[in-house]
Amino acid sequence: MAEATQQQIESKLKEYIDPYMEKDLVTTKAVRNIMVEGDQVVVDVVLGFPAAGYQEELAARLKEMTESLDGVAKARVNVSFAIQA
């Protein structure tokens, strides 16, 4: 099994259209970091709006999408938010 690349993960994440921003999280630059170590992947997402009730749902959906890729055995998705004036 080949290791997944950052580009493959970004492409997969682009399939998810955020219902609040109506755009994908890569285009909106909410995906801040993708780290691939072998078959383990960590994705950091920082939203620009309060998302306390949405964080777990979003993290679970993105984790499922990432783990569906060949070469990814386990993914961890960290979702946080930072509101800037």
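**Figure 1. Glutamate 22, a loop residue with a positive phi.** Glutamate 22 sits in the loop between H1 and S1. This is a predicted model, and in it phi of glutamate 22 is near 60°, a positive value in a residue other than glycine. Is glutamate 22 buried or exposed? With a relative accessible area of 65%, glutamate 22 is exposed.

**Figure 2. Lysine 29, a positive phi in the loop between H1 and S1.** Lysine 29 is not a glycine, yet its phi is positive, at about 65°. The residue belongs to the loop between H1 and S1, the loop that also holds glutamate 22. Lysine 29 counts as exposed, its relative accessibility being 62%.

**Figure 3. Lysine 14 and its contacts.** Here we stay in the loop between H1 and S1, where lysine 14 lies. Lysine 14 counts as partly exposed, at 42% relative accessibility. Which residues does lysine 14 contact, once its neighbours within four places in sequence are left aside? They are Asp24 and Val26. For a sense of distance, take valine 42: it is 28 residues from lysine 14 in sequence, and the C-alpha atoms of the two are 16 Å apart in space.

**Figure 4. Glutamine 6 in helix H1.** Helix H1 covers residues 6-13, and glutamine 6 is part of this helix. Not counting residues up to four places away in sequence, glutamine 6 touches Ile34 and Val36. Strand S1 covers residues 31-37, so both of these partners can be looked for there. Asparagine 33 is 27 residues from glutamine 6 along the chain, and 9.5 Å separate their C-alpha atoms. Glutamine 6 counts as partly exposed, with 40% relative accessibility.

**Figure 5. Tyrosine 20 and phenylalanine 49, a tilted aromatic pair.** A search of the whole structure finds three aromatic pairs. In the one formed by tyrosine 20 and phenylalanine 49, the ring centres are 5.7 Å apart and the planes make an angle of 50°, a tilted arrangement. Why does this pair tie together parts that are 29 residues apart in sequence? Tyrosine 20 is in the loop between helix H1 (6-13) and strand S1 (31-37), while phenylalanine 49 is in the loop between strand S2 (40-47) and helix H2 (55-67), so the pair joins those two loops.

**Figure 6. Tyrosine 20 and tyrosine 54, an edge-to-face pair.** The centres of these two rings are 4.9 Å apart. Their planes stand at 75°, so the pair is edge-to-face; an angle over 60 degrees is what that label requires. This pair, too, links distant parts of the chain, with tyrosine 20 in the loop between H1 and S1 and tyrosine 54 in the loop between S2 and H2, 34 residues apart. Taken together, ring pairs link Tyr20, Phe49 and Tyr54 into a cluster.

**Figure 7. The surroundings of the close-ups: the protein as a whole.** The protein has two helices and three strands, and from the N terminus on its elements run α-β-β-α-β. How does the radius of gyration compare with that of a compact globule of 85 residues? Such a globule would have a value near 12 Å, and the protein has 12 Å, so the two agree. Along the principal axes, the C-alpha atoms fill a box of roughly 45 × 20 × 20 Å. Of the 85 residues, 36% count as buried. Among contacts with a separation of 6 or more, 63% are between residues 24 or more positions apart. The accessible surface comes to about 5300 Å², and carbon and sulfur atoms account for 47% of it. Finally, the protein carries 9 positive and 14 negative charges, whose mean positions are 4 Å apart.

Conventions: Residues are numbered from 1 along each chain as its sequence is written. This is a predicted model: local features need pLDDT of at least 70, side-chain atom pairs count only at pLDDT 80 or more; totals for chains, interfaces and linings use all residues. Side-chain values use heavy atoms; hydrogens and water are left out. Rings of Phe, Tyr and Trp (its six-membered ring) pair if their centres lie within 6.5 Å; planes under 30 degrees apart count as stacked, over 60 as edge-to-face and the rest as tilted. Helices (H or I, at least four residues) and strands (E, at least two) are DSSP runs, numbered from the N terminus. The radius of gyration is taken over C-alpha atoms; the globule rule is 2.2 Å times the number of residues to the power 0.38. Buried means under 20% relative accessible area, exposed over 50%, partly exposed in between (1.4 Å probe, protein chains only). Contact means heavy atoms within 4.5 Å. Accessible areas come from the Shrake-Rupley method with a 1.4 Å probe; for residues, only the protein chains shown count as cover. Lys and Arg count as positive and Asp and Glu as negative; His and the chain ends are not counted. The place of a charge is taken as NZ of Lys, CZ of Arg, CG of Asp or CD of Glu.
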